[in-house]
Each structure stands twice: as C-alpha cells, then as structure tokens.
Amino acid sequence: MSVDVGAKAPDFTLPNQDRENVTLSDKLRNGPVVLAFFPAAFSSVCQQEMCTFRDSMAELNKSNAQVLGVSTDTFFALKAWGDSQKLNFPLLSDYNKNVIRSYGVVNADMIGLKDISKRAVFVIGRDGTVKHREVLDDARNEPNYEKVKQALATA
C-alpha cells in the first residue's frame, strides 16, 4: 500500500548521481519536496516527465520546492542520463529498492523488469507530511503536473 496524503513521509538517505548522500529530512528544511519516482532512465516517458520538471524549476523554486527524482537505476546510469538531459535536480539511486518499498510504489513486473519503481509523485510539505500523491499503474502515463503545482501552493 502506498503512503497516503496526510501521512508522515518515510525518511530516507540515497546516493545521487554524483554518489553524494541525499536525505529527505535535510531537504525538507529548505522547503517542500516533489518526490518523483520513475521506472527507468533513458526511457521516453521518463525523459518527458523529468524534462517537464526541469523546465518548470523556476516556477517550482518560487515555492522553495525541490525536485528529487528516484529510480532503481545505478547512479552511473543516472549520471549519464542527467547530464545528457541537463537535469537541474538530484537523481537518486534506490538500487536496493528500500525506498520504493517504503513508499509502496513497486512495480512487480514491467515488461520483464522485476521490482522497479512505478511512476509516482509525492508532494511532501516542510512538516514532512504528504500533501499530494499520485501513483500511476500505467507507466506510459505522466503525472498531473497542475495538481503538483496546486499542492505546492499549500505545502
């Protein structure tokens, strides 16, 4: 079961694409966090989604929001992909799949890839509670970016 709106977001520490540890509770001290889980670097819909977040960073920064992309890819793959797409936010490697389990966003089997992340977005307020949650069962769909922005307005 996925973490619900109003629940305390599970804290975690994961390495980013530069192998530096990023801790959710540390990020929340600076403002709300958009936690964007995605199935796979270098895939077309994930690229559209992350580039949409990249292109809306100026707007998101107005509410002091930070985006954290999370997948089960290695930080090596995330580094190459992030650089190629000029992504301007951390990409976190949940290679051991602990965070996707704690958030309840495990896709058991996507075209033969076992236990990778579903596409999901959580907006987490500075107080650490989930303000918005969208978990997509079909990885070909993108999240509702307008609802993410609306949630940030009150986070």
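A pocket, as the word is used here, is an open set of grid points with protein on both sides within 12 Å along at least five of seven lines. The model in these views is predicted.

**View 1. The largest pocket and what lines it.** The largest pocket holds about 180 Å³ of space. It is lined by 13 residues, and those closest to its centre are Ser43, Met110, Arg119, Ala139 and Arg140. Sorted by type, the lining comes out as 8 nonpolar, 2 polar and 3 charged residues. Helix α2 gives the largest share of that lining, with 3 residues.

**View 2. Phe38 meets Trp81.** Look across the whole structure and you get 7 aromatic pairs. Here is one of them: the ring centres of Phe38 and Trp81 sit 5.2 Å apart with their planes at 40 degrees, so this pair is tilted. The two partners come from distant parts of the chain, 43 residues apart: Phe38 belongs to the loop between β3 (33-37) and α2 (44-55), while Trp81 belongs to helix α4 (residues 75-85). Phe38 is buried, at 0% relative accessibility. Trp81 is buried too, with a relative accessible area of 0%.

View 3. Phe75 is partly exposed, with 22% relative accessible area. Phe76, at 55%, counts as exposed. Elsewhere, ring pairs tie Phe12, Phe37, Tyr103 and Phe122 together into a cluster.

**View 4. Strand β3 and its two partners.** Strand β3 is mostly covered, with 5 of its 5 residues buried. In a regular strand the side chains alternate between the two faces of the sheet. On one side of β3 you'll find Val33, Leu35 and Phe37, on the other Val34 and Ala36, and all of them are buried. Strand β4 (residues 66-71) runs parallel to β3, and the two pair over 5 bridges. Strand β8 (residues 119-124) is antiparallel to β3, again joined by 5 bridges.

**View 5. Ile124 and its contacts.** Ile124 lies in strand β8. It is buried, with a relative accessible area of 0%. Setting aside residues up to four places away in sequence, Ile124 touches Ala9, Leu24, Leu28, Pro32, Val33, Leu35, Tyr103 and Thr129. For a sense of how the chain folds back, compare Ile124 with Ser2: the two are 122 residues apart along the chain, and their C-alpha atoms are separated by 14 Å.

**View 6. Two positive phi angles.** Lys86 is not a glycine, yet its phi is positive, at about 55 degrees. You'll find Lys86 in the loop between α4 and β5 (91-93). It is exposed, with a relative accessible area of 64%. Asp115 is another residue other than glycine with a positive phi, near 55 degrees. Asp115 lies in strand β7 (residues 113-117). At 31% relative accessibility, Asp115 counts as partly exposed.

Terms used: Residues are numbered from 1 along each chain as its sequence is written. This is a predicted model: local features need pLDDT of at least 70, side-chain atom pairs count only at pLDDT 80 or more; totals for chains, interfaces and linings use all residues. Side-chain values use heavy atoms; hydrogens and water are left out. Rings of Phe, Tyr and Trp (its six-membered ring) pair if their centres lie within 6.5 Å; planes under 30 degrees apart count as stacked, over 60 as edge-to-face and the rest as tilted. Helices (H or I, at least four residues) and strands (E, at least two) are DSSP runs, numbered from the N terminus. Buried means under 20% relative accessible area, exposed over 50%, partly exposed in between (1.4 Å probe, protein chains only). On a 1 Å grid over the protein atoms alone, a cavity is a set of points where a 1.4 Å probe fits but cannot get out, and a pocket is an open set with protein on both sides within 12 Å along at least five of seven lines; lining residues have an atom within 4 Å of a point. Grid points are joined across faces, edges and corners, and a volume is the space filled by probe spheres set on the points. Ala, Val, Leu, Ile, Met, Phe, Trp, Tyr, Cys and Pro count as nonpolar, Asp, Glu, Lys and Arg as charged, and the others, Gly among them, as polar. Two strands pair if DSSP finds at least two bridges between them. Contact means heavy atoms within 4.5 Å.
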